[in-house]
Amino acid sequence: MIYTITVNPSIDYVLQLKNLNTGEVNRTQSDVKLPGGKGINVSRIMKELNIDSTALGFVGGATGSMFEELLSQHNLKTSFTKVKEDTRINVKINATEQNEETEINGAGPSISDAEQTTFMNNLSEIGKGDIVVMAGSLSKNLNTNFYLDIAEKIQKQGAEFIIDTTGQALLDTLPLHPLVVKPNHHELADLFNVTFKDEQEIISYARKLLDKGAKHVLVSMAGDGALLVTKDKAYKANAPKGTVINSVGAGDSMIAGFAGTFMETNDPIESFHMGAACGSATAFSQDIAIKDKIDEVYKEISITEI
């Protein structure tokens with residue numbers, strides 16, 4: 001089984017209007033409410049790939065009930081830990097004529113010690129052969145070691161883990177040998193306080209993450225495609241042609257394609273191919289990509305050793 005952990009999920013309230021005029025009353029042309037969160041996006045892509053996953057995380061209050069109702073439309077298996085405070089709402093405003101997107105993200109609930117203990121106890125069912133995907137921001141009062149604590153626990157139980165976060169929280173987990181880490185090229189540069197001149201430098205610094213313990217490193221590079229770096233080899237996926245509509249869930253989709261395919265094939269190159277296809281397909285979609293779009297984009301991607 002693949003488990004996805006979204007510590008701080010959200011209701012994403014997406015508003016569409018021609019122009020955003022601050023300090024004035026604005027009226028929308030359309031709006032939609034979506035279940036948000038990086039781990040949730042991973043589970044939704046896996047559903048499109050007909051791969052089972054269980055979504056874990058914290059939900060609470062009236063907004064938590066709405067979040068679960070929105071998520072139920074996607075027929076995902078879930079096992080959330082209930083908390084006292086409300087699940088957050090993120091507001092995303094698309095001003096079409098201004099070609100601008102404004103985001104206002106809620107901080108999310110405070111998680112009590114008892115609620116954290118309940119969540120950690122629920123991880124006991126995870127074991128050998130499972131993969132756990134940890135993705136996204138932490139709730140405001142959680143210790144910065146929260147992901148590390150999860151990784152240590154599930155590793156002792158025999159499971160693999162993938163972590164999609166940045167900074168010290170990422171570096172701290174590397175000695176536990178994550179199956180894959182996925183910084184974009186800007187995040188990778190920030191980790192080492194450098195500026196990249198070319199792909200070879202990106203590959204060189206990706207290998208530093210391997211030296212610190214990661215098993216595979218995926219580096220997304222937006223319109224320049226993506227890289228898969230191993231200790232001995234590096235591979236590049238081209239960026240297929242298309243209009244980028246939604247960059248928010250593209251990285252989550254890449255992880256989903258890689259993790260789900262790796263679970264089934266144990267083949268990192270094929271997993272990379274599917275991950276690149278899922279990422280680009282979502283980038284070309286209004287919401288998380290559907291299976292037909294993924295299949296279409298998959299045919300346009302080639303993987304080359306560099």
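Here follow a few questions and answers about a predicted model of a protein chain.

Residues are numbered from 1 along each chain as its sequence is written, and side-chain values use heavy atoms, with hydrogens and water left out. Because the model is predicted, local features need pLDDT of at least 70 and side-chain atom pairs count only at pLDDT 80 or more, while totals for chains, interfaces and linings use all residues.

Reader: How many helices and strands does the protein chain have?
Author: Happy to start there. Helices (H or I, at least four residues) and strands (E, at least two) are DSSP runs, numbered from the N terminus. On that basis the protein chain has ten helices and 15 strands.

Reader: What is the radius of gyration of the protein chain?
Author: The globule rule, 2.2 Å times the number of residues to the power 0.38, is a handy guide, with the radius taken over C-alpha atoms. For 306 residues the rule gives 19 Å, and the protein chain comes close to that, so it is as compact as a globular protein of that length. The radius of gyration is 19 Å.

Reader: What share of the contacts with a separation of 6 or more joins residues 24 or more positions apart?
Author: Contact here means heavy atoms within 4.5 Å. Among contacts in the protein chain with a separation of 6 or more, the share for residues 24 or more positions apart is 66%.

Reader: Is T87 buried or exposed?
Author: T87 sits in the loop between β6 (81–83) and β7 (88–95). Its contacts, leaving out residues up to four places away in sequence, include P9, F58, G64 and P109. Buried means under 20% relative accessible area, exposed over 50% and partly exposed in between (1.4 Å probe, protein chains only). With a relative accessible area of 3%, T87 is buried.

Reader: Which residues does E101 contact, leaving aside neighbours within four places in sequence?
Author: E101 belongs to strand β8 (residues 100–105) and, at 45% relative accessibility, counts as partly exposed. Its C-alpha atom is separated by 9.5 Å from that of L20, 81 residues apart along the chain. The residues in contact with E101 are I93, N94 and V248.
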